[in-house]
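Subject: Structure handover

Hello,

Here is the structure you asked to look at. Please open it before reading the notes below.

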Amino acid sequence: MTPIFQTSTYVQNAPGDHKGFEYARTQNPTRNQLQDALAALENGKYGLCFASGMAAIDAIVKLLKPGDEVLATDDLYGGTYRIFTKIFQNYGIKFRFMPMHDPTKVAEAITPETRLIWIETPTNPLLKIIDISAISNLAKGKQILTVVDNTFASPYLQNPLDLGADLVMHSITKYLGGHSDVVMGGIVGRDPELKEKLSFIQNSCGAVPGPQDCFLVLRGLKTLHLRMQRHCENGEKIAQFLSEHPRIDKVFYPGLKQHPGHEVAAAQMRGFGGMVSFVLKGEDLKDALQVLRRTQLFSLAESLGGVESLIGHPATMTHASIPKEERIKAGLSDALIRLSVGVEDIEDLIEDLDQALIK
Ligand SMILES: Cc1ncc(COP(=O)(O)O)c(C=O)c1O
């Protein structure tokens, strides 16, 4: 097993003559192993790990300068919306949010200032699907970076670099860690110039993870394929169960044939994952809150991607930082419930939802 190099510094031979490691903000052997593993999983040339998914996003936006513009999908993690609009907008970077299921609309939205296109697919929490290669093609040759937040799919189901993206970003906290015991972020890419810039930002700004956490994620990665297989199996069965349930109005899951992004998802993903969102008939907040209170195996909590099933209410939890008008415009109703389907026995999970849905 990779040792945990619990050290902040390394003994040097002589001034200017070190043994490959100087100071642990810059390099740490345990972190290096994890960074290489991430690069391999995403078919990239390098990986970089950060203290959280947000710190990874922060590093990517720091590639830009005042006046640059980012086009971002309108359905995305609330924290990403918050760092864009509440932090980086103050530094003169512009952000425009739009639906991205139609690449021609994205092409029309590109301006001479556009420098980055931010994609999440499947999106959080509405599981919208964006065609990664169609959007990446629009950006090619225009000095526009395409970045994909691949947190929901994990590299087991989708490899954005192979589809033409420049960078892939992960909240490692989720499926990669897999056990709800670590907060961490990662970036993987291929271009050496971008690697140099991002490593400089990683070292200069210093949001690096500790070696113990890197060890835990290395351990989590060993079962990524097994966990993802079960997340997908359980996710599909639960989406099917919900879509046939008399109390349910809409189910958001890209594996369902009626999902508008199903064909693109089937082409760019190797499975449909374990995230399922739904709304009850009547879209009544009180009904939704009752379901959220009643589940017993699905624990009410923020986050996703761990082996244990979670249930959440995006409007008041993960996406509370998005103003209500923006949320509603993107289709995120106050009555939406989001499930992170874990790896437990499927009959137990369905039984739990069934009892929580009794009127
Ligand atoms: C899709 C997505 N991206 C980024 C993040 C941020 O990651 P972290 O919580 O590790 O900072 C999250 C967290 O929920 C997320 O769901």
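Which residues of α7 are buried? They are P211, C214, F215, L216, V217, L218, G220 and L221. Buried means under 20% relative accessible area, exposed means over 50%, and partly exposed is in between (1.4 Å probe, protein chains only). Helices (H or I, at least four residues) and strands (E, at least two) are DSSP runs, numbered from the N terminus.

Some ground rules before the rest. This is a predicted model, in which local features need pLDDT of at least 70 and side-chain atom pairs count only at pLDDT 80 or more, while totals for chains, interfaces and linings use all residues. Residues are numbered from 1 along each chain as its sequence is written, and side-chain values use heavy atoms, with hydrogens and water left out.

Back to α7. Because 8 of its 11 residues are buried, α7 is largely enclosed by the rest of the structure. The cover over these buried residues includes α1 and α8; contact here means heavy atoms within 4.5 Å.

The nonpolar cores come next. A nonpolar core is a set of buried Ala, Val, Leu, Ile, Met, Phe, Trp, Tyr and Cys residues joined through side-chain atoms within 4.5 Å. The largest one has 60 residues, and L34, I238, L242, V251, F278 and L339 touch the most other members. Elements that each supply at least two residues of this core include α1 (29-41), α7 (211-221), α8 (224-243) and β12 (337-340). The largest share, 7 residues, comes from α8. Leaving aside neighbours within four places in sequence, L242 is in contact with I248, V251, V276, F278, L339, L353 and L357. Another core, of 30 residues, lies apart from the largest one, and V61, V70, L116 and L194 are among its members.

Now the strands. Two strands pair if DSSP finds at least two bridges between them. An open sheet of 5 strands has the order β8-β9-β12-β11-β10, with mixed pairing. β8 and β10 (299-300) are at the edges with a single partner strand each, so one side of each has no neighbour in the sheet. β9 and β12 run antiparallel and are joined by 4 bridges; F278 has I337 in β12 as its bridge partner.

Strand β6 (residues 167-171) is another case. Since 5 of its 5 residues are buried, β6 is largely enclosed by the rest of the structure. In a regular strand the side chains alternate between the two faces of the sheet. In β6, L167, M169 and S171 point one way, and V168 and H170 point the other way. β6 pairs with β5 (residues 145-149) in the parallel sense over 3 bridges, and D149 stands opposite M169. With β7 (residues 185-189), β6 runs antiparallel over 5 bridges, and S171 stands opposite G185.

H319 is buried, with a relative accessible area of 0%. Residues that H319 touches, not counting those up to four places away in sequence, include L76, Y77, N124, R327 and R338.

Regards
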